[in-house]
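Here's a quick tour of one chain, written for someone who likes to check contacts and distances directly. Have a look at the structure first, then read on.

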Amino acid sequence: MGSLQKTFYIYGLLLLGSFAAFAFTDYGGLFGCLASIVGIALSRTIVYLFLSFINFSLSIAFDNFLRVDPIFYFYDGTGVTVGYLCLVSTLLYCVIGMLDMTRKGSGRGLLIDFRFPEVSAGIFWPFALVVLGIAVFVFQSESFVLSTRYDAYELQKYPFLEYVGLLIAFMLQAAKGSRLRRVVGLSVALVYIVVCLATSYRMVAIICSLATFMVIYNGRKVGKPLLVSCWLGAYVGLTYISYWRIGIFEVSLENIFGYVNGRMDNTFTGVIETALIYTSIAKTQGVMENLGYLLGALLPVPNSLIPDSMLYIVDAMQRYKFPGGGALAGFIIYFRYLYAIPYLWFIYIAFKRSHLGGIASGMYLILFITVTRWWLYGPYVIFKFFGVLLLIMLVNKFALGVGASSRRI
């Protein structure tokens, strides 16, 4: 059976099953879990494998709202139903699965296999110094999680910290060919990650860890059982850190799975509720207002350069209280399904052309290192990272040009 036929049969059945689970049962969340397990088993790329881990946990939260405890803290029920949101989310997941199964690569069946853009060795030391300098800045600006001066509610939010993941990836790629640069590059990356973990910037640490992992293991065989074990270990470890940051040092098994006072209340239930709130807001907005917000979400520049009238989050926060984040499916509905076009275009280019190098491989890298962000926290993430990628590639292209000129002299 060819790849396209296999894809059609497996994900075609999953798509039909999604509609059936939505139309006739309350088991859409459990069906999402099943689809995620299929995705883990059949995934051909590291991006889809990690997305499957995340979607499995999200599907459990969907099932909790659909069958076990359909009570929300913030959502008033005026948007779409949780079952419909679950359907849209599962359909998006299956579409990405189709792209995963039909992705072209070197044919070696590697989970991590993409052609990194050509990188100048000349950017290594400047990038290493920048990353180290930012680590020193965080170290001096924030208190450590276990220190008496630490207060989770006074933690400063520096959005630029997560973009350092791209700097680390290019720095490590520039280190290839020199043992000294490799040792220094890995040491700098480790220092930055440890500092971010110690000061409770968990998401930043995750992004930078994934960037380091992606570059080091590109082209190497990594077993799925090992990756599943590492994911579970990281999930438990980061859960403990989340409790330590608020002064709780005795964490039970119930808390690790996100139960608070007998109710499931964790990141995944929170992003579902936020997504539902956005579907409620969408019903009150005009087309032109929504298009303005859509453009603001697509611009690959910092929010500080975008007018408030084009920032949907600014307007939404004035009207609602949010538990945080927001499942991607909710934003697809919020933007009247138009957002699916640029999002799927980005994913399509990344999956289909990352083996050719250039910008597409950078887009593929972004999808992986920010996988928890764009599926669970907001739709703007990959496009903001894309802007940083373009800036880094301009710097790199200049360095390549300087290097070529010096060789000709």
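## A pair in H13

Arg319 is partly exposed, with a relative accessible area of 40%. In this predicted model, Asp315 forms a salt bridge with Arg319, and their closest N and O atoms sit 2.7 Å apart. Asp315 has a relative accessible area of 18%, so it counts as buried, the cut-off being under 20%. Both residues belong to helix H13 (residues 312-319), where they are four residues apart, about one turn of the helix.

The structure holds four salt bridges. One of them joins Asp63 and Arg67, with 2.6 Å between the closest N and O atoms. These two are four residues apart in helix H3 (residues 46-68), so about one helical turn separates them. Asp63 is buried at 7% relative accessibility, whereas Arg67 is partly exposed at 39%.

Arg373 and Glu162 form another salt bridge, the closest N and O atoms being 2.9 Å apart. That pair links distant parts of the chain: Arg373 is in helix H17 (residues 371-376) and Glu162 is in the loop between H5 and H6, 211 residues apart. Buried or exposed? Arg373 is buried, with a relative accessible area of 9%, and Glu162 counts as buried at 9% relative accessibility.

## The chain overall

The protein chain has 18 helices and two strands. Of its 409 residues, 54% count as buried. Take the contacts between residues at least 6 apart in sequence: 78% of them join residues at least 24 apart. The chain exposes about 18,800 Å², and carbon and sulfur atoms supply 66% of that.

On confidence, the mean pLDDT is 86, and 89% of the residues reach 70 or more. Over residues 150-155 the pLDDT is below 50, though this stretch has 14 contacts in the model beyond near neighbours in sequence.

## Helix H7

Helix H7 (residues 179-198) has 20 residues, and at 1.5 Å a residue it should span 28 Å; its end C-alpha atoms are 28 Å apart, which agrees. Its buried residues include Arg181, Gly185, Tyr192 and Cys196. What do the buried residues of H7 pack against? Helix H5 (124-141), helix H6 (164-174) and helix H8 (202-216). Just after H7, Ser200 takes a positive phi of about 75°.

Asn396 sits in helix H18 (residues 381-408) and is buried, with a relative accessible area of 2%. Setting aside residues up to four places away in sequence, Asn396 touches Glu118, Val119, Ser120 and Ile123.

Phe19 lies in helix H1 (residues 3-24) and counts as partly exposed at 43% relative accessibility. Leaving out its neighbours within four places in sequence, Phe19 is in contact with Leu87 and Leu91. Phe19 and Leu87 are 68 residues apart in sequence, but their C-alpha atoms are 7.0 Å apart in space.

## A nonpolar surface patch

Val287, Met288, Leu291, Leu338 and Ile341 form a nonpolar patch on the surface, with about 490 Å² of accessible area together. Helix H12 (residues 287-298) gives the largest share, three residues. Val287 is found in this helix, H12.

Key. Residues are numbered from 1 along each chain as its sequence is written. This is a predicted model: local features need pLDDT of at least 70, side-chain atom pairs count only at pLDDT 80 or more; totals for chains, interfaces and linings use all residues. Side-chain values use heavy atoms; hydrogens and water are left out. Buried means under 20% relative accessible area, exposed over 50%, partly exposed in between (1.4 Å probe, protein chains only). Contact means heavy atoms within 4.5 Å. Accessible areas come from the Shrake-Rupley method with a 1.4 Å probe; for residues, only the protein chains shown count as cover. Patches are made of residues with over 30% relative accessible area and no salt bridge: like charges are joined within 9 Å, nonpolar side chains (Val, Leu, Ile, Met, Phe, Trp, Tyr) within 5 Å. A salt bridge is a side-chain nitrogen of Lys or Arg within 4 Å of a carboxyl oxygen of Asp or Glu. The expected span of a helix is 1.5 Å times one less than its number of residues. pLDDT is the predictor's confidence in each residue, from 0 to 100.
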